[in-house]
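Biologist: Could you take me through this model? I have the sequence and the coordinates open.

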Amino acid sequence: MSAAGKSGAMLEEDPDQTYENVLAEIQSFELPIEATLRSVYDDQPNAHRKFMEKLDACIRNHDKEIEKMCNFHHQGFVDAITELLKVRSDAEKLKVQVTDTNRRFQDAGKEVIVQTEDIIRCRIQQRNITTVVEKLQLCLPVLEMYSKLKEQMSAKRYYSALKTMEQLENVYFPRVSQYRFCQLMIENLPKLREDIKEISMSDLKDFLESIRKHSDKIGETAMKQAQQQKIFSVILQKQKNVKFGKNMYTNDRIPEERNEIVLKHAFEEEDENEEEILTVQDLVDFSPVYRCLHIYSVLGDEETFENYYRKQRKKQARLVLQPQSNMHETVDGYRRYFTQIVGFFVVEDHILHVTQGLVTRAYTDELWNMALSKIIAVLRAHSSYCTDPDLVLELKNLIVIFADTLQGYGFTVNRLFDLLFEIRDQYNETLLKKWAGVFRDICEEDNYSPIPVVNEEEYKMVTSKFPFQDPDLEKCFPKKLPMSQSVPHIYIQVKEFIYASLKFSESLHRSSTEIDDMLRKSTNLLLTRTLSSCLLNLIKKPHIGLTELVQIIINTTHLEQACKYLEDFITNITNISQETVHTTRLYGLSTFKDARHTAEGEIYTKLNQKIDEFVQLADYDWTMSEPDGRASGYLMDLINFLRSIFQVFTHLPGKVAQTACMSACQHLSTSLMQMLLDSELKQISMGAVQQFNLDVIQCELFASSEPVPGFQGDTLQLAFIDLRQLLDLFMVWDWSTYLADYGQPASKYLRVNPNTALTLLEKMKDTSKKNNIFAQFRKNDRDKQKLIETVVKQLRSLVNGMSQHT
């Protein structure tokens with residue numbers, strides 16, 4: 001219940017008691033009291049007055065109590081005042097004493113205060129100094145490290161500087177991060193890092209430019225080392241072979257003493273060059289790469305460095321692989337090209353092994369495969385311009401050294417050796433062209449006469465060059481060997497060709513069987529293509545006469561017989577037996593046989609041409625009435641010429657001489673027959689026929705004299721059988737027998753063709769008409785003329801019957 005409620009309730013019960021309660025509440029200081037007072041004033045009309053009365057009464061009661069209390073304590077107060085008055089004087093004295101004492105203390109304490117202040121100031125300074133020392137001790141390592149960083153930057157020790165930066169950032173700067181100088185240092189570190197990156201990248205560019213300039217020197221050094229290593233291995237192998245009695249390349253030209261001299265010189269050269277050859281580390285300072293790699297690794301930007309390095313090296317690879325336009329002209333051009341490439345990949349191999357991750361094996365293999373394709377294309381293109389076999393051989397040696405060098409560094413070089421097989425074919429082509437000129441010069445310089453031998457020394461000199469043995473010729477001197485000077489020269493040059501071809505086959509890492517096969521195939525090309533073509537061209541030359549052709553046939557016969565010695569020569573070189581299943585045989589037999597056949601045919605042709613030249617000199621008087629009684633001069637000259645030529649043919653194989661003799665007689669017979677039947681010849685007298693018969697008789701006598709031995713019976717005379725039967729028919733005028741027996745196998749005039757007889761008879765008929773003007777007045781001549789006309793008619797009917805039958 002609220003205070004107003006309580007007051008209202010109390011007023012309703014007992015107004016006096018209520019006022020007492022209100023006064024009690026007021027005295028109790030319970031606030032707020034306005035509600036209580038409002039209830040007093042609001043509840044009854046006279047409440048205010050009554051309340052004030054009660055309030056006055058209460059105040060009076062309190063005053064009485066206060067008065068009683070004051071009266072009760074007054075004496076004590078008076079006593080206290082009295083006591084205070086008594087001690088007043090003492091207090092004055094005490095105050096004076098205290099003031100004086102205070103003054104004295106103040107005067108005495110001033111010095112203490114000054115000293116105390118000094119002590120306090122010193123203590124503060126000492127504390128500050130201690131604090132400064134502590135802070136300086138904390139800052140000094142930072143400053144020392146930063147000073148060290150500056151020194152490292154000045155000394156270009158950038159990798160150490162980066163490590164110092166890491167220590168500053170991770171260890172030292174956190175201790176003094178609150179200081180401004182530390183913030184300045186922290187802000188300066190990124191700039192220093194960028195400066196280091198730029199400087200290291202500049203050093204790397206200088207390094208790349210340096211190795212680009214020195215790559216040829218690096219490659220030359222690496223190739224020298226590889227070549228010396230190979231020479232040393234070959235020397236050891238040869239010594240081993242000599243020790244066990246196995247010399248892989250034994251031949252009859254290089255004696256063992258020469259081998260020993262070669263080995264000795266090889267060792268001496270190796271000793272001389274051993275101190276001169278430097279390693280790639282001696283030629284190139286790789287520290288810029290290491291520094292740059294370490295710097296970028298520390299900076300966490302290793303990938304950027306790797307990409308930049310590989311990109312730049314690929315650009316340099318493309319430049320290195322680009323050949324000069326005239327590279328194929330000299331071996332120095334090829335050597336410079338190879339040394340630059342070797343230098344490039346030697347550097348890459350060194351970087352691969354001394355750095356981790358800058359280049360990888362996969363990267364170098366990819367770069368090498370790209371380079372290898374370009375190298376093969378370049379070599380294939382430029383080598384095609386090489387026409388000098390010595391240059392091609394030097395190119396092959398460079399490729400072998402190039403391949404061996406890079407193979408020693410772990411690169412795959414099988415495709416280079418495959419390329420060498422292509423170049424080997426080209427080398428063989430250049431050799432064939434060179435030897436074509438050699439053979440041509442030998443053939444042009446030969447006198448095509450048997451080799452004269454004065455004494456045994458000259459004989460042995462010839463047989464040392466060419467495998468010729470004839471026991472009959474070894475008995476007496478002077479003598480002549482059947483072949484001409486070109487034979488031993490050609491044989492020597494064939495061996496030289498084999499040596500030259502062998503030079504290319506060496507160092508190709510091929511077996512003896514493969515080398516043997518290559519040598520035999522290249523030798524076959526020399527024989528079947530080059531030498532054969534040279535011989536055929538020689539045979540076809542206009543200035544080569546019959547004597548020369550005979551000597552060429554003899555030469556080819558001896559060269560053919562020498563082929564087996566060439567096979568033995570190759571066998572001695574390669575130690576591959578000729579009985580091996582896959583051994584290629586030399587085709588010299590067919591080569592020289594074809595040349596010989598061509599020469600034989602050319603002999604037949606030239607012999608016939610010579611006969612034609614003599615026949616063209618014939619100057620018959622076809623209207624003569626009586627013969628001269630002797631054979632024509634041109635024919636006797638022709639027969640004498642044939643006798644001398646056939647004496648030369650005695651050195652030819654029997655069948656060749658016989659064929660040539662038979663061919664000459666047949667051609668002479670045909671030429672004489674054509675002379676009689678020439679369409680431009682309009683008339684022939686009996687005297688001319690008789691003169692012609694004398695010439696044919698000389699031909700028959702020549703055939704019966706056996707100008708070339710070996711003919712059986714009258715075989716050679718049969719070449720003139722057609723002429724003989726035709727002339728016999730006209731000489732004996734046996735037309736009845738001819739006409740009666742015509743077509744019979746046993747006919748006396750079996751070889752006389754009716755058309756031929758009719759042609760000749762008509763020419764004689766015209767002669768009889770023109771020369772015998774008075775023949776109609778003489779009975780014999782008139783009968784003969786009638787007989788001729790009758791025979792002509794019969795022959796024409798016979799010829800017409802033959803044509804209809806045909």
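Biologist: How far apart are the end C-alpha atoms of helix α23, and what should its 19 residues span?
Modeller: The end C-alpha atoms of α23 (residues 686-704) are 26 Å apart, which agrees with the 27 Å that its 19 residues should span at 1.5 Å a residue. The expected span is 1.5 Å times one less than the number of residues. Helices here are DSSP runs of H or I with at least four residues, strands are runs of E with at least two, and both are numbered from the N terminus. This is a predicted model, in which local features need pLDDT of at least 70, side-chain atom pairs count only at pLDDT 80 or more, and totals for chains, interfaces and linings use all residues. Residues are numbered from 1 along each chain as its sequence is written, and side-chain values use heavy atoms, with hydrogens and water left out.

Biologist: Which residues of α23 are buried?
Modeller: Among them are Val689, Phe692, Val696, Cys699 and Ala703. Buried means under 20% relative accessible area, exposed means over 50%, and partly exposed is in between, with a 1.4 Å probe and protein chains only. An α-helix has 3.6 residues a turn, so residues three or four places apart point the same way.

Biologist: What does phi do just after α23?
Modeller: Glutamate 706 takes a positive phi of about 50° there.

Biologist: Which other non-glycine residues have positive phi?
Modeller: Lysine 156, with phi near 60°, and tyrosine 448, with phi near 50°, are examples. Lysine 156 lies in the loop between α4 (47-154) and α5 (158-172), whereas tyrosine 448 lies in the loop between α14 (414-445) and β1 (451-453).

Biologist: Is tyrosine 448 buried or exposed?
Modeller: Tyrosine 448 counts as buried because its relative accessibility is 8%. Lysine 156, at a relative accessible area of 56%, is exposed.

Biologist: Moving on, where is the confidence lowest and where is it highest?
Modeller: The lowest is in helix α7 (residues 256-274), at a mean of 45, and the highest is in α23, at 92. pLDDT is the predictor's confidence in each residue, from 0 to 100. For the protein the mean is 82, and 85% of its residues reach 70 or more. Over residues 245-275 the pLDDT is below 50, yet this stretch has 37 contacts in the model beyond near neighbours in sequence; a contact means heavy atoms within 4.5 Å. Where pLDDT is low, the predicted coordinates should not be read in detail.

Biologist: How many aromatic pairs are there in the whole structure?
Modeller: A search finds 29. Rings of Phe, Tyr and Trp (its six-membered ring) pair if their centres lie within 6.5 Å; planes under 30 degrees apart count as stacked, over 60 as edge-to-face and the rest as tilted. Tyrosine 179 and phenylalanine 181 are stacked, because their centres are 5.9 Å apart and their planes are at 20°. The rings of phenylalanine 730 and tryptophan 735 have centres 5.0 Å apart and planes at 85°, so that pair is edge-to-face. Phenylalanine 730 and tryptophan 735 are both buried.

Biologist: Which residues do ring pairs link into a cluster?
Modeller: The cluster consists of Tyr337, Phe338, Phe344, Phe345, Trp368, Phe402 and Phe411. The charged end of arginine 361 sits over the ring of phenylalanine 411, 6.0 Å from its centre. The criterion is NZ of Lys or CZ of Arg within 6 Å of the ring centre and within 35 degrees of the ring normal.
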